[in-house]
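Work through the following exercises with the structure in view, and try each task before reading its solution.

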Amino acid sequence: MILRQATEQDINIIAKILGDWCETTSYIPALHTRAEDQGFITRVVATQDVLVADSDGVQGFIARQNDEIKHLYLSPPARGRGTGTALLEEMKTRSDTLSLWCFQANTGARRFYERHGFTVEKFTDGADNEERLPDIHYCWEGTS
């Protein structure tokens, strides 16, 4: 597996990974079409630091804007194989501090982030996110 910067050629598969996760996650409301996902990811790739994990094709991606992780999604075959860890650890080398939001219902992601040194900053009722789902703000500080 190699980690590399996302390119325009990766947009379709990145959008598919995101859309598939939304479609198969029972607590996520259907808010966007696949075409809207594609337009969204086009903007993400153009404006954020986006890495992909490539192993015979893109298996996952992470996107960072300033010190905030905005997205980390993996294809089902890449889960539990160290792909998410590799992407997150690479982003940790690019910043002394990171933060991110995670849905409270996403217990697997919560365990993952906490295992990687992220701590809870606050819990919210989700009134400020598009999905209107309770979420958690996590923070990480590297060692100097």
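**Exercise 1.** Determine what share of the contacts in the protein chain with a separation of 6 or more comes from residues 24 or more positions apart.

*Solution.* In this predicted model, a contact is counted when heavy atoms lie within 4.5 Å. Among the contacts with a separation of 6 or more, residues 24 or more positions apart account for 58%.

**Exercise 2.** Describe the order of helices and strands in the protein chain, and then judge how compact the chain is.

*Solution.* Begin with the inventory, which comes to four helices and seven strands. Read along the sequence, these elements follow the pattern β-α-α-β-β-β-α-β-α-β-β. The radius of gyration is 15 Å, close to the 15 Å that the globule rule gives for 144 residues, so the protein chain is as compact as a globular protein of that length. The C-alpha trace spans about 35 × 35 × 30 Å along its principal axes.

**Exercise 3.** Work out which strands pair with strand 7, and whether strand 7 is largely enclosed or open.

*Solution.* Take strand 5 (residues 97-103), which runs antiparallel to strand 7 and is joined to it by seven bridges; here Cys102 stands opposite Ile136. Turn next to strand 6 (residues 119-124), which also pairs with strand 7 in the antiparallel sense, over five bridges, and in which Lys122 stands opposite His137. Finally, consider burial, for which a residue must have under 20% relative accessible area. Six of the seven residues of strand 7 (residues 135-141) are buried, so this strand is largely enclosed by the rest of the structure. For the protein chain as a whole, 44% of the 144 residues count as buried.

Key: Residues numbered from 1 in each chain as written. Predicted model: local features only at pLDDT ≥ 70, side-chain atom pairs only at ≥ 80, totals over all residues. Heavy atoms only, no water. Helix = DSSP H or I, 4+ residues; strand = E, 2+ residues; numbered from the N terminus. Rg over C-alpha atoms; globule rule 2.2 N^0.38 Å. Buried < 20%, exposed > 50% of the residue type's maximum accessible area, 1.4 Å probe, protein only. Pairing = 2+ DSSP bridges.
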